[in-house]
Amino acid sequence: MQKEHPILKSKSEIEAMKEAGRISAKALRMAGEIVQPGISTAEIDSYIENVIRMLGGTPSFKGLYGFPGSACLSLNDMIVHGIPNKRTICQNGDIISIDTGATVDGWVGDNAATFAVGTIKPQIQALLDATKASLYEGIAQAQVGNHIGDIGHAIQTYCEERGLGVVRDYIGHGVGRKMHEDPAVPNFGKPGRGLRLEEGLVIAIEPMINLGTHNCHVILDGWGVVTDDGLPSAHFENTIAVTADGPVIITKE
């Protein structure tokens with residue numbers, strides 16, 4: 001296994017990251033407010049880009065590894081990395097994962113949430129609620145002296161106790177001057193295993209949780225990832241800093 005080399009941030013660097021986090025969080029919230037039946041993912045994406053730029057940031061995803069959108073917009077059984085387009089229209093009863101990133105002064109803020117389109121089924125609402133709750137279970141474990149495995153174990157246990165599938169193939173990550181830094185932050189694991197958490201570590205914790213199987217595959221466009229059984233998936237994410245006073249959420253307004 002390749003050794004990971006996390007880049008620890010100073011207190012002043014963590015403070016500097018908060019502006020990128022604030023803009024990314026605001027763009028995510030505002031995007032959620034325009035989600036409604038009949039809107040296309042291209043329209044949502046354009047709105048997100050405008051918001052981020054208006055607030056003084058640049059969209060971190062645009063052009064990242066060749067990705068064409070300003071945000072990842074993933075409907076229903078699509079877990080992550082949905083490419084925005086005019087043909088994908090939100091329908092009543094859908095859910096949509098919106099993953100936004102903003103860069104300010106070279107620092108990145110990365111967050112995601114899954115929104116209901118109109119009225120959704122109770123079991124799908126329960127999926128959203130459990131996934132969001134599991135994110136905060138994971139964040140609570142981001143303490144100095146704990147391990148990466150403690151975060152993943154907390155998320156995995158919470159979701160599997162509710163009969164949900166925890167995606168293995170896509171995980172959280174370090175964040176800083178780049179969108180993706182070391183370490184890898186899986187949403188599954190064993191307590192006390194993996195990298196020991198140190199003050200100054202900044203990571204994106206992002207549970208991707210399925211109503212059915214955890215198995216998934218990439219679709220023909222080479223980007224979108226969908227569940228193997230076609231059942232819905234939810235995704236919530238925050239960028240957090242490990243500090244002596246406990247975890248601090250960077251992506252908040």
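Colleague: In the hairpin of β4 and β5, how many residues lie between the strands, and which residue takes a positive phi?

Modeller: There are two residues between β4 and β5, and Asp-105 is the one with a positive phi, near 55 degrees. Strands here are DSSP runs of E of at least two residues, and helices are runs of H or I of at least four, numbered from the N terminus. This is a predicted model, in which local features need pLDDT of at least 70 and side-chain atom pairs count only at pLDDT 80 or more, while totals for chains, interfaces and linings use all residues. Residues are numbered from 1 along each chain as its sequence is written, and side-chain values use heavy atoms, with hydrogens and water left out.

Colleague: Which strands are joined to β4 by bridges?

Modeller: Strands of a sheet pair through backbone hydrogen bonds, either parallel or antiparallel; pairing requires at least two DSSP bridges. β4 is joined antiparallel to β5 (residues 107–116) by 10 bridges, with Asp-99 opposite Ala-112. Five bridges join β4 to the antiparallel β2 (residues 71–75), where Ala-71 stands opposite Thr-100, and two join it to β1 (residues 58–59), also antiparallel, with Ala-102 as the bridge partner of Pro-59.

Colleague: Are the two faces of β4 buried or exposed?

Modeller: Both are covered, with Ile-95 and Asp-99 among the buried residues on one side, and Ile-96 and Val-104 among those on the other. In total, 10 of the 10 residues in β4 (95–104) are buried, that is, under 20% relative accessible area with a 1.4 Å probe and protein chains only.

Colleague: Which strands form the open sheet, and in what order?

Modeller: The order is β6-β10-β13, with antiparallel pairing. Because β6 (165–166) and β13 (233–235) are edge strands with a single partner each, one side of each lacks a neighbour in the sheet. Helix α3 (residues 122–140) packs on this sheet, touching β10 and β13, and its direction makes about 35 degrees with that of β13; contact means heavy atoms within 4.5 Å.

Colleague: At what angle do α1 and α2 pack, and how far apart are their axes?

Modeller: Two packed helices are described by the angle between their axes and the distance between the axes. Axes are lines fitted to C-alpha atoms, for helices over the stretch in contact, with angles from 0 to 180 degrees between N-to-C directions. For α1 (residues 11–34) and α2 (residues 41–54) the angle is about 145 degrees and the axes are 9 Å apart. Among the residues that meet are Ile-23 and Met-30 in α1 and Tyr-47 and Val-51 in α2.

Terms used
Buried means under 20% relative accessible area, exposed over 50%, partly exposed in between (1.4 Å probe, protein chains only).
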